[in-house]
Every structure is written in C-alpha cells, then in structure tokens.
Amino acid sequence: MGEYEMDKALRILVVEESGTDSMIALKALHSNGYHQMYKRVDTSADLIIALKDGPWDIVIVDVSICQFDEQSVLKMIKESGIDLPCLILSEIIDGERQVRTIKSGVSDCINNQGSMNQFIPSVRIEVHDTLLHNLHKHADKDIRDQKEWFRVTLSSIGDAVITTDIYSTVTFMNPVAEEITGYTEEEAIGKPISHVFRIFNEVNLGPAEIPVDRVIKEGFIIGLANHTGLVTKNGETRSIADSAAPIRNDEGIIIGVVMVFRDITEAKRIEDQMARLDKLNVVGQMAAGIAHEIRNPMTTVRGFIQLLNINNEFKEYSEYFSTMISELDRANSIITGFLSMAKDTVAEVGEENLNRIIGSIAPLVQAEAIMSNKYVKLELGDIPNLILSENDIRQLILNLVRNGLDASTEGGGLTIRTLKVKDKVVLSVQDNGIGIDQQMLKKLGTPFLTTKENGTGLGLFICYQIAEKHGASIEVETGNGTTFSVCFKEMMELAV
Ligand SMILES: Nc1ncnc2c1ncn2[C@@H]1O[C@H](COP(=O)(O)OP(=O)(O)OP(=O)(O)O)[C@@H](O)[C@H]1O
Ligand SMILES: [Mg+2]
C-alpha cells in the first residue's frame, strides 16, 4: 500500500455523497501536477468493498453533507486494517470538532470553504509521509527477515561458526560451535572470542594466534595454522581446522569476522594411524630384505664351521665349534621370527580363542612376574573365537606384558583382560606403572624407539604389525598406569 511514485497516478478513494466538492479537490490536484485515478463511494457498504479493492494512496472524505460522519469513516478504514492517510474536507467542521477529528487519527481536517490552498500541501505531505513510513517498515522487515535467514542458515550448517564484531567480541555462535567448544551461545555472546575459542599449537603446545585481529587488519580470509588444537570448556583438547573471513557491510567496510571450523580429531587420529602403518610396512619390508641378505653369509659361515669341526686337526676346539653353530642357529631363528613379521609372509592361522592362548602362556608370564616381585592377573570374559595366528598373538601378548611389567614398580603388576564390546573382541593389558608421556605416545610403534637401557625398541613395532595383520587396532590410554587395548573385529578375514 501507498507505494506512490510521482510519475504514477495518485490513487484516490473519495467518500462523498454529491461529488461536487471532491471534483474541485481533484482538479486542484491535477493543476498541481498530480496524475490521478479515483473512485467515489457514497455508502458504507461501497466504502468497505472499495477499501478491499485497493490499493489506494489516500482517502478523501467530504463530510460537508453530513450523512457521512467522519468518525464512522475513520473507524471503517481502521477496521479494514489498511494503513491509509485520510483527509477530511469540510465546510462545516470547525474549531473544536476539527481538533477532535485530527486527534482521532485523521491525517488532516481541512475547512475547504472557498479555497484549496491548504489541501494541496496536505495531500503532498500525507502521500510522501506514508510512502516513507512504508519504505522504512519494509526495510526494517527486510533486515529482520535477512537476519533471521542468516541465523537459521548458520545454525543449520554442519561446520562450527562463531562471529565477532571488530573488537573480537562474540556476536553469534551456532550449535556445532557450542558442541565443539563446550560453551553455550548465551555464555559466549559479549565475551572476547579468546574466552571461548582457546587454541594452541599442537606441535610445540604453545598458544596459537586467533586470526580475528589479522583478518580485520588485512581484510582477507585467513586459514588456521596446521596442527591447531582447541581446549574445550571442560579442559579436553580437540584438533580443529579451518578459517576466518571478514564480514563486510554494503559499503565494503569490515564490521566483524566469521570463524568457520571443524573438529578433525577423529580424522587426524585415523591419518596418524595410517601414517604409522605405512611406516611399519616400509620398515617391515626393509627388515625382511636385510634378514634375507644376512642369512646367506651366515649359512656360508655355518657350513665352514661344520667342515672345520669334522677336521681332526681342530678336534680340541670341537666344543667351540658346537657353541658357534648353536649361536648361529639361534641368530637364524631370531631372523626367521622377524621375517614372519614382514607383511607379505604367510603365518599359520586358524580359528582360535584368545582365552586359550592366554591360558597357555600364563605360566610363563606368571613366572616372569614373580621373579621381579610383581603380579599378573587374568580376567577373561566370554568371547567368541577369532581367526588368529597363535604364534603371532603369543608374541603380541608377551611384548605387551613385558612392557607392562617393566613399567611397574615392585609389588605392582598388571591385568590381562578379554571382553566383548559391541562387535569387537578386546584384549587389554592394563598396568599400574609409570605411564607414557605425550611426546612418546605419539611415536609409539616406531622401530628402535626405546627408553630402556637394554631395550631394542622393537616390541611395540612388532605388536602393531601383528595387529595390522589381524585387522585389529591398538588403542592406548595412559595416565596413572597404561592400558593397551587390541580391538579385533569379530570373525574377520585375515589379510595374511
Ligand atoms: N606399558 C608401558 N608403560 C610405560 N611405557 C611403555 C609401556 N609400553 C611401552 N612403553 C614405552 O615405549 C617404549 C617402546 O616399547 P617397545 O616395547 O617397542 O620397546 P622396548 O620395550 O623399549 O624394547 P623391546 O624391544 O625390548 O620391547 C618403551 O621403551 C617404553 O618407554
Ligand atoms: Mg618392549
């Protein structure tokens, strides 16, 4: 309603019984440059219909002939719910009645006796006021609609979004951002972004810069540095990725910053595991190659020693030769064992129960524990059979148990458990020892990584390789003591 432009006809609804006075008014408008189209109604019923048939820019009511009472016309316009300026023309309204009429909501009440001098400016003011009023009303509504649209859109997207003003104060936070940071939007709004977006460098564990200030200064999109960690409200850490971009108004002026980020903790864990497996494969294949090359000269040496051993000239050294041969055989069997760890070798596999394998090596591990005044407890749950290589699993358990015992102090020890968790069978070795520090934790499984004077640093490397062969994953939890959990998929096919 009321979207009047000067080059368009002014739409006038005339309420009058005779039509004479209104004709004077319309002529006056015409000679003042207004194109117009009008409709005249002379009954209440027609007025109601005409109001519905609009749009109109203005209603002119002539109450000179007083069957039409200005108050009832006003009431009808109000009841129609249409926001229309209404001018009353009257020769008879004067003084107090004029004031009362204007007070009741009429735009102007003009005594048109003789001249139209007051009428034209009144029309002009009313039409333009209404136009401006409607424009503002639309603009306000547009902005409200737009804000709502952005809020709904940003609330529905899968990435976390936090917006700030140019002073780095949080102005909006979507549900994903609430979930990742642990802060609610209510807690965050009005606070500096550093209060809820607490990030650090995952490599050196130092603080990381929130790019809001830089975005405001430089005015373009900035990605977060790689290896960015976020500390949540309850102190947990997460790996995150993504970017910050300036928010500009219509004139291109920066009025804030939008941070969009994702939780990549799980993706990074998988990536790290893949990298570790890749490393294991390469090292495993190298080891297999080296072992093969070492075996050949050893066979030659063994053959010559045997020759010398049957030579009577060296009879007195026979015992030495036997020791040399048995030492060579021992070295050879170590290499054979090591070769079986390389990915492409075939190990004997069959349907087995982890509990039985654990039972068969229990006396050995108990003996080792008792010798160092430690204990090994078994808590074996009801678990289904798996397809396993018994030799490999024995070695895996022995390596984990030895590490656990090494980490425990005298009187301490460990628990070997088996249990079923959903579709996984879990073998865990939980010690109450010294724990593993964060730096070490990241590198576990790397060959030759050891903190022990007599360690080779191959124990866990071999464990990871055995797990991979069985399609199992190894999870480590550490703090007060350490738990290594090997998670097997129920009845999977082996990649051996
Ligand atoms: N349960 C544990 N508690 C504490 N630290 C552990 C535990 N298991 C492993 N580690 C750490 O990981 C390192 C690597 O273990 P890994 O079994 O690969 O080699 P190692 O035990 O040092 O030598 P070995 O080859 O003789 O097993 C250990 O030196 C130790 O620092
Ligand atoms: Mg070890």
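Residues are numbered from 1 along each chain as its sequence is written, and chains are lettered from A and ligands numbered from 1 in the order in which they are written. In this predicted model, local features need pLDDT of at least 70, side-chain atom pairs count only at pLDDT 80 or more, and totals for chains, interfaces and linings use all residues, while side-chain values use heavy atoms, with hydrogens and water left out.

**Overall content**

The chain holds 15 helices and 19 strands, taken as DSSP runs numbered from the N terminus (helices H or I, at least four residues; strands E, at least two). Of its 496 residues, 40% are buried (under 20% relative accessible area; exposed is over 50% and partly exposed in between, with a 1.4 Å probe and protein chains only). Contact means heavy atoms within 4.5 Å. Among contacts between residues at least 6 apart in sequence, 64% join residues at least 24 apart.

Helix α3 spans residues 70-80, and its buried residues are Glu70, Val73, Leu74, Met76 and Ile77. They lie on the same side of α3 because they cover an arc of only 160° around the axis, the arc being that of the directions from the helix axis to the C-beta atoms. The face turned away from the buried side of α3 carries exposed Lys75, Lys78 and Glu79. Just after α3, Gly81 has a positive phi of about 75°.

Helix α2 meets α3 through Ser44, Leu47, Ile48 and Leu51, against Val73, Met76, Ile77 and Ser80 of α3.

**Two helix pairs**

Axes are lines fitted to C-alpha atoms, for helices over the stretch in contact, and angles run from 0 to 180 degrees between N-to-C directions. A crossing is left-handed if the near helix is turned anticlockwise from the far one by less than a right angle, and right-handed if clockwise.

| Pair | Angle | Axes | Handedness |
|---|---|---|---|
| α2 (residues 44-53) and α3 | roughly 30° | within 10 Å | right-handed |
| α13 (residues 390-407) and α15 (residues 459-469) | about 145° | 9 Å apart | left-handed |

In the second pair, α13 contributes Asp392, Ile393, Gln395, Leu396, Asn399, Leu400 and Asn403, and α15 contributes Gly459, Leu460, Ile462, Cys463, Ile466 and Lys469. This contact of α13 with α15 has seven nonpolar, four polar and two charged residues. Here Ala, Val, Leu, Ile, Met, Phe, Trp, Tyr, Cys and Pro count as nonpolar, Asp, Glu, Lys and Arg as charged, and the others, Gly among them, as polar. The contact of α2 with α3 has six nonpolar, two polar and no charged residues.

**The five-stranded sheet**

An open sheet of five strands runs in the order β14-β16-β17-β19-β18, with mixed pairing; two strands pair if DSSP finds at least two bridges between them. At the edges stand β14 (375-380) and β18 (473-479), each with a single partner strand, so one side of each lacks a neighbour in the sheet. On average, neighbouring strands are turned by 15° against each other, direction ignored.

β14 pairs with β16 (residues 413-421) in the parallel sense over six bridges. Helix α12 (residues 354-371) packs on the sheet and touches β14, β16, β17 (424-431) and β19 (481-489), its direction making about 165° with that of β14. α15 also packs on the sheet, touching β18 and β19, and its direction makes about 140° with that of β18.

**Thr418**

Thr418 lies in β16 and is the bridge partner of Leu380. Thr418 counts as buried because its relative accessibility is 2%. Its C-alpha atom is 6.7 Å from that of Glu379, 39 residues away along the chain. Leaving aside residues up to four places away in sequence, Thr418 touches Leu354, Asn355, Ile358, Glu379, Leu380, Gly381, Ile383, Val426 and Leu427.
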